[in-house]
Amino acid sequence: MPRHVVAPAHEIPPGTRRRVEVRGHGVVIFNLDGAFHALLDRCPHMGGRLSDGVQTGLVESDRPGEYRWSRPGEIIRCPWHAWEFDIRTGRFRCEPDRFRVRTVPACVLSGEAVAAEGLDATTVPVTVEDAYLVVEL
Ligand code: FES
């Protein structure tokens, strides 16, 4: 699958996200504590843009009145009907085996590696000194 340079890595710091266009597809890239995860920016329910959604965490409970909050920022809630997806896997929180957002492989490469591999960097000027976010799509 072709790899594309989509942004300098420092422009998406931990706790932020960015929407990019790759070959006509919207892709939303999340930086979760320094680890990059990318999802197609299209909800599998009815096509809402996940990049417009709220990032949240998990609220779980074993019994009424007792709640646990965990994984802050690792869940994206679709802005249209509030379906929630795990950013790390793309899986729907309520029916993880039935619905998922397509995940897109993402990694960080040095400018030197980008230049050496001749990757598609048509939308991002590349210098060898910087590091770049690369997605496969
Ligand atoms: S389109 Fe995303 S929840 Fe309906």
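Two strands count as paired if DSSP finds at least two bridges between them. The views below show a predicted model.

**View 1. Strand β4 meets strand β8.** β4 and β8 (residues 103-104) pair in the antiparallel sense. The pairing rests on 2 bridges. A38 has V104 as its bridge partner in β8.

View 2. Strand β3 covers residues 25-32, and strand β4 covers residues 35-40. They pair in the antiparallel sense over 6 bridges. V28 has its bridge partner, L39, in β4. The hairpin has 2 residues between the strands. D33 takes a positive phi there, near 55°.

**View 3. An open sheet of 3 strands.** The strand order is β1-β10-β9, with antiparallel pairing. β1 and β9 (106-110) stand at the edges. Each has a single partner strand, so one side of each is left without a neighbour in the sheet. From one strand to the next, the twist averages 40°.

**View 4. Strand β9 against strand β10.** β10 spans residues 131-136 and runs antiparallel to β9. The two are joined by 5 bridges. A106 stands opposite V135 in β10.

**View 5. P2, in the segment before β1.** P2 precedes β1 (3-8). P2 has 10 other C-beta atoms within 10 Å. A residue is exposed if that count is 12 or fewer, so P2 is exposed. P2 and L119 are 117 residues apart in sequence. In space, P2 and L119 are 8.2 Å apart, C-alpha to C-alpha.

Notes: Residues are numbered from 1 along each chain as its sequence is written. This is a predicted model: local features need pLDDT of at least 70, side-chain atom pairs count only at pLDDT 80 or more; totals for chains, interfaces and linings use all residues. Helices (H or I, at least four residues) and strands (E, at least two) are DSSP runs, numbered from the N terminus. A residue is buried if 20 or more other C-beta atoms lie within 10 Å of its own, exposed if 12 or fewer, and partly exposed in between; C-beta atoms are placed from the backbone. Axes are lines fitted to C-alpha atoms, for helices over the stretch in contact, and angles run from 0 to 180 degrees between N-to-C directions.
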